[in-house]
Amino acid sequence: MVMTLMAILINTEKTVSAFHSGGVGPCDACHVMHGTSGSGSALLRGSDPSSTCLHCHERPGSIGPSGHHISTPASDMQQGMPPRQLTPGGDFGWLRKIYIWVPDVSQAPATSYGDQHGHNIVAADYSYLPDALHAAAPRGTYPSASLTCISCHDPHGRYRRNIDGTTMTNGNPIGSSGSYVSSADPQSITSVGVYRLLGGKNYQPRSVAGNLAFLNDPPVAVAPDEYNRSEAASQTRVAYGTGMSEWCQNCHPGMHPVAGSGAPRTHPVGITGRIGSAVANAYNSYVRTGDLTGSAATSFLSLVPFEEGVSDIASLKAHAGTDGSFAAGPDPVSSQVMCLTCHRAHASGWNEALRWNTRTEYIVYNGLYSQEAQAYQPYGQGRTELEAQKAYYDIPSGTFAVNQDSLCHKCHTGALP
Amino acid sequence: MPHLPHHDKLSGICIAMVVLLTMMTITAEAGTVSASYLYSLSDHAGDILYEGGKIFVDPEMNEAYVISNNTVTVFNRTGLEVYRFGENNNLGIIADLALMQNGNILLLSYSRDYRNYQVLLCNYRGEPTRAIEISGVPAGLGDFRPGHIAYYQGRIYLVDQVRLLAVIADEHGQIERHYDIFRILNVKKKDRVNAQMDGFSLDRDGSMLFTLPVMFTACRLSLDEKMDCFGQPGGAKGRFNVISDIITDNRGNYLVADKLKSVVNIYDKEFTFLEAFGYRGAGPGNLTVPLRLGIDSRDRVYVVQSGRRGISVFSLHYN
């Protein structure tokens with residue numbers, strides 16, 4: 001009782017509406033501390049941790065991308081209509097979308113299942129079920145049945161970035177979020193939250209059994225203050241610094257690209273995925289299929305982001321944004337490929353939560369993303385134009401070539417290696 | 001229980017003091033109102049396992065209009081589906097609806113790319129007769145994107161839940177007044193993006209009722225800009241965890257749904273807590289994440305839930 005009261009007192013003194021503020025938000029948003037019937041684990045009153053988060057992170061009736069919403073309810077997405085949120089991590093609503101199409105006259109119908117569109121968080125109150133196709137994290141052991149928001153995000157936001165750049169779970173109190181361009185910098189007596197409240201070394205939700213504790217700390221990155229928005233007019237640039245790939249490897253250790261292992265489905269990332277001057281030149285000159293007239297200062301494409309290979313927050317803050325004022329491509333020395341160069345962290349309109357459709361020959365065909373209403377849809381693959389366009393965050397299809405190849409070619413001109 | 005003026009609500013220290021006070025003085029006048037479960041909305045095949053959706057209950061006909069999957073389904077006074085419209089997407093993306101006294105329907109809908117909204121005047125069968133051109137949106141308040149529509153005595157209310165902006169127009173769509181709720185509540189610019197409104201409905205005198213879940217607050221805004229807000233975070237009965245919708249009953253009490261507690265709370269006119277019903281569980285009268293509320297003239301409360309629990313109808317009893 002005294003604990004509860006203390007917690008309320010401390011937490012209500014924060015700003016009105018920043019909720020987690022980079023650390024632990026008011027307990028009462030996630031726990032029913034006393035006084036009601038029934039019981040739940042850790043006093044939670046959702047069916048599971050993800051449902052607890054979605055009480056706030058899914059807003060039924062939301063009509064467009066805004067704020068911290070990362071899920072669209074089924075009731076807001078009839079046939080042919082896409083999820084509505086456009087955050088860098090992606091809208092989990094894509095997990096609710098199934099696509100079936102006929103590629104050509106000689107082939108059987110093909111399917112892209114909802115479960116293939118990203119991380120299947122388990123949230124019973126919101127009809128998100130465990131992945132039916134993977135029992136555990138590919139190249140890892142994390143069980144799909146235990147995958148929730150708190151598998152990745154620490155609900156109590158204990159990990160903090162200190163003034164000396166170190167990450168720890170204790171020490172100076174967390175003053176605010178550390179995720180944004182406008183976030184405060186850590187001071188000698190206050191720290192800031194790590195990027196997106198992600199779990200760091202030794203993190204493992206208490207309710208998940210097994211030896212799954214994270215080996216790597218959260219990535220260093222900075223998001224623009226407005227991050228949930230249409231990219232029709234300008235791109236949303238998250239400035240990824242370092243450590244994202246290593247962080248993903250907390251659960252996908254086997255995705256680690258062992259040089260020369262020849263293992264399929266790995267791509268050099270992190271330090272082994274240094275872009276180098278040849279690939280940087282390719283990235284910078286690539287505008288679209290058939291147009292290699294781009295320049296280093298304006299070549300950035302939010303569908304193919306990279307890590308800058310630095311952990312200097314000040315320079316990352318200068319690079320994150322939404323007005324396109326910083327649109328430079330990769331640095332030939334420090335920049336590196338990371339998992340999120342190709343994937344989104346939550347979900348996307350394409351298989352494996354990829355940022356673009358890697359399973360088609362042309363991501364734009366005949367000027368359109370889709371082949372809506374046509375009998376055979378080898379390129380559009382069952383999506384409506386609206387769905388495909390949202391999956392590309394509203395970037396107009398005219399940005400690309402009339403027949404546009406896979407965006408792997410942003411870095412690999414000519415045939416893929 | 002102290003009645004919080006909104007300015008105090010916005011100061012952390014004052015909240016902390018009030019919390020302390022109410023911790024000691026909380027007394028619920030339980031037993032003055034109770035609720036019993038009647039049935040769930042259904043079609044010929046049985047209960048419809050809606051997951052979310054919006055609801056509007058017509059107090060004249062005691063019919064319920066449910067918007068889900070871009071289809072409006074109409075249920076009769078006994079909770080059986082009688083009619084549906086919009087399912088062929090001919091009305092755009094339906095955001096909300098309201099009923100006029102003459103049985104006509106006002107539909108708020110968006111173009112398929114969500115760029116533009118329109119208010120459609122439809123007959124009682126949902127057939128559009130014409131669009132009502134909304135004009136006079138106050139400049140300088142940004143892009144106005146309403147998500148709620150309401151109707152009261154010849155006036156159309158449109159509410160943007162992100163910008164916390166409410167406008168009131170006449171039946172021709174000419175905006176007569178607007179309410180910049182962020183300004184009235186004195187919310188700092190940088191806090192605004194996260195303080196989105198969830199539930200919205202009208203009080204019996206045309207005042208606006210709405211919830212700000214992340215602020216643990218429900219408010220009533222009168223037409224002359226008098227703002228009364230209430231709510232404190234907490235697990236005790238009547239406190240707010242994560243609230244969603246708010247409506248008034250036929251006697252001027254307020255019903256506020258709480259998603260985390262999975263209850264519907266009932267407060268009197270002075271926002272004093274009276275009773276709560278629902279609670280998480282598998283029983284027919286239990287609730288799973290109540291999202292939207294409606295009430296008819298027979299004191300029947302409709303509760304739209306998540307988790308494929310459909311829409312439960314309860315009867316309120318006063319003594």
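A: **A helix and an interface**

Helix H2 (residues 49-57) of chain A is mostly covered, with seven of its nine residues buried. Buried means under 20% relative accessible area, with exposed over 50% and partly exposed in between (1.4 Å probe, protein chains only). Helices (H or I, at least four residues) and strands (E, at least two) are DSSP runs, numbered from the N terminus. The buried set is Pro49(A), Ser50(A), Ser51(A), Thr52(A), Leu54(A), His55(A) and Cys56(A). Helix H3 (149-152) of chain A is among what covers them.

This is a predicted model: local features need pLDDT of at least 70, side-chain atom pairs count only at pLDDT 80 or more, and totals for chains, interfaces and linings use all residues. Residues are numbered from 1 along each chain as its sequence is written, chains are lettered from A and ligands numbered from 1 in the order in which they are written, and side-chain values use heavy atoms, leaving out hydrogens and water.

Now the interface. In chain B, 58 residues are in contact (heavy atoms within 4.5 Å) with 55 residues of chain A. The buried area is about 4,600 Å², and carbon and sulfur atoms give 59% of that. Buried area is the accessible area (1.4 Å probe) that two parts lose on being put together, summed over both. Glu51(B), Tyr114(B) and Leu260(B) supply 14% of what chain B buries against chain A, more than any other three residues.

The rule finds one salt bridge across this interface. Asp125(A) and Arg280(B) meet in a salt bridge through their side chains (2.6 Å, N to O). The rule asks for a side-chain nitrogen of Lys or Arg within 4 Å of a carboxyl oxygen of Asp or Glu.
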